[in-house]
Amino acid sequence: MEVVIGILGFIGDWLLFIFPLYQGQMELMESNSVFAKYQIKGHKPKNASLLEWMIPPLLFRRIKRTAGKAQINDLINNKEDFQNFYSFYNKGLAWYFVSYAGFLNGVCSTYELIIEKLALGRIGIVIFIVVSLLIFFAGHYFVSYLTSGKREKRFIKRMLPIVKNTIKNKQ
């Protein structure tokens with residue numbers, strides 16, 4: 001029974017890493033949508049790197065650097081847009097801290113499950129490190145997929161037949 005409880009804690013803690021990370025990325029994407037109208041015309045910003053998503057101040061630094069001082073000043077001078085941008089940015093940052101608290105809990109529960117509950121000995125340390133890193137990077141990849149245009153297109157393709165059937169049934 002202890003192993004089952006350990007597995008449930010392991011799953012729960014890693015979910016508390018992945019989904020706050022997803023929420024944080026959505027918040028930062030929303031702040032970027034507010035900021036988009038202040039970007040230089042014809043300038044397409046590059047997608048944020050994994051490191052920038054992991055450390056939101058780096059993302060904000062890149063946004064400032066690519067936008068130019070005039071665009072930042074325009075944003076700051078428009079109080080409503082700036083408050084929206086700043087609010088989304090702060091929410092995103094808060095979700096990232098919640099996510100990394102989940103990451104730390106996930107590492108602890110992984111250690112507890114592999115080293116203490118399953119008692120795998122020395123090989124357990126290697127398994128613990130591999131599993132923790134694997135889940136960390138897989139979680140980031142999953143969150144990137146959830147917020148990608150590819151997933152949005154798949155969602156629309158799945159919803160299109162449902163919408164067509166609903167329209168047919170109403171007629």
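A surface patch here is made of residues with over 30% relative accessible area and no salt bridge, with like charges joined within 9 Å. In this predicted model, K150, R151, K153, R154, K157 and R158 form a positive surface patch. The structure also holds two salt bridges.

**Positive patch**
- One of the patch residues, R158, is placed in helix α7, which covers residues 149–170.
- R158 has a relative accessible area of 59% and is exposed, because exposed means over 50%.

- Side chains of opposite charge can pair when their charged atoms come close.
- E2 and K117 meet through their side chains in a salt bridge, at 3.9 Å from N to O.
- This pair links distant parts of the chain, with E2 in helix α1 (residues 2–35) and K117 in helix α5, 115 residues apart.
- E2 is exposed at 56% relative accessibility, whereas K117 is partly exposed with a relative accessible area of 28%.
- A salt bridge also joins the side chains of K117 and E112, at 3.6 Å from N to O.
- E112 counts as partly exposed, at 35% relative accessibility.
- E2, E112 and K117 belong to one network, joined by salt bridges that share partners.

**Surroundings of F103**
- F103 is located in helix α5, which spans residues 79–117.
- Leaving aside residues up to four places away in sequence, F103 touches W14, F17 and F136.
- F103 and I135 are 32 residues apart along the chain, and their C-alpha atoms are separated by 9.5 Å.

Terms used
Residues numbered from 1 in each chain as written. Predicted model: local features only at pLDDT ≥ 70, side-chain atom pairs only at ≥ 80, totals over all residues. Heavy atoms only, no water. Patch = residues over 30% accessible without salt bridge, like charges linked within 9 Å, V, L, I, M, F, W, Y side chains within 5 Å. Areas by Shrake-Rupley, 256 points an atom, 1.4 Å probe, with all protein chains shown as cover. Salt bridge = Lys/Arg side-chain N within 4 Å of Asp/Glu carboxyl O. Lys, Arg positive; Asp, Glu negative; His and termini not counted. Charge placed at Lys NZ, Arg CZ, Asp CG, Glu CD. Helix = DSSP H or I, 4+ residues; strand = E, 2+ residues; numbered from the N terminus. Buried < 20%, exposed > 50% of the residue type's maximum accessible area, 1.4 Å probe, protein only. Contact = heavy atoms within 4.5 Å.
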